[in-house]
Amino acid sequence: MDALDLLLAICILSGFAQAKPRPNESRNVSRITSHSIPSTPANQVAQSECAKLEHLALARMGITSAVYVSKDSLKLPSAEGLPATIDLPAFCRVQGVLKPTTDSFIKYELWLPTSGWNGRFEQVGNGGFAGRIRYKFMIPELRNGFAVASTDDGHTYGPDQSWAIEHPEKVIDY
């Protein structure tokens, strides 16, 4: 079990993320149905529970931000060529850093559906030498009810591999 799996398990055990299976439902059909405005009592609870995640103290892992993102309000960096507004359900956006060694600094994002979770977790990957969180791969998974995460594999995307020189632990992280 890696650190992101552990964080997801903590969220489930704390009651933040809950799977609500329905009989005779296809696993490929999205069950996200929460389209209410952020001021509803259910969304106020989701906001409160999401904010609590920021205060978790975990070994070799930090949470720098845990914020509730209301339906269709996600703002992402323009680096991946995504539109300014993205049709997404409400979710808890957890950002942080993993530090399995003293030379590690792996940025991650974990998106937790605030309703309609299908009970599954999807870790999306990178190509080439990686070095960035892949939002465009996270989006469809969240739409399909997955808790989803991505990492930058411990370095920033760039034209060379200078991040690896004299940093054997960063190569292992990658």
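User: In what order do the five strands form the open sheet?

Analyst: In this predicted model, the pairing within the open sheet is mixed. Strand S1 (61-69) and strand S4 (121-123) stand at the edges with a single partner strand each, so one side of each is left without a neighbour in the sheet. Neighbouring strands of this sheet are turned by 15° against each other on average, direction ignored. The five strands follow the order S1-S2-S3-S5-S4.

User: How many bridges join strand S2 to strand S3, and which way do the two strands run?

Analyst: Strand S2 covers residues 91-98 and strand S3 covers residues 106-113. Within this pair, glutamine 95 stands opposite glutamate 109 in S3. The two strands are joined by eight bridges and run antiparallel.

User: Which salt bridge does glutamate 109 form with an arginine, and are its two residues buried or exposed?

Analyst: The side chain of glutamate 109 meets that of arginine 93, with a distance of 2.8 Å from N to O. This pair links distant parts of the chain, since arginine 93 lies in strand S2 and glutamate 109 in strand S3, 16 residues apart.

User: Which strands do the buried residues of helix H3 pack against?

Analyst: Helix H3 (residues 135-143) lies across S2, S3, S4 and strand S5 (147-151), running at about 20° to S3. An α-helix has 3.6 residues a turn, so residues three or four places apart point the same way. In H3 the buried residues are Tyr135, Met138, Ile139, Glu141 and Leu142. These buried residues pack against S2, S3, S4 and S5.

User: What share of the residues of the protein counts as buried?

Analyst: The secondary structure comes to four helices and five strands, and along the sequence the pattern reads α-α-β-β-β-β-α-β-α. The protein exposes about 9400 Å², of which carbon and sulfur atoms supply 55%. Of its 174 residues, the share that counts as buried is 40%.

Methods
Residues numbered from 1 in each chain as written. Predicted model: local features only at pLDDT ≥ 70, side-chain atom pairs only at ≥ 80, totals over all residues. Heavy atoms only, no water. Pairing = 2+ DSSP bridges. Axes fitted to C-alpha atoms, helices over the stretch in contact; angles between N-to-C directions. Contact = heavy atoms within 4.5 Å. Buried < 20%, exposed > 50% of the residue type's maximum accessible area, 1.4 Å probe, protein only. Areas by Shrake-Rupley, 256 points an atom, 1.4 Å probe, with all protein chains shown as cover. Salt bridge = Lys/Arg side-chain N within 4 Å of Asp/Glu carboxyl O.
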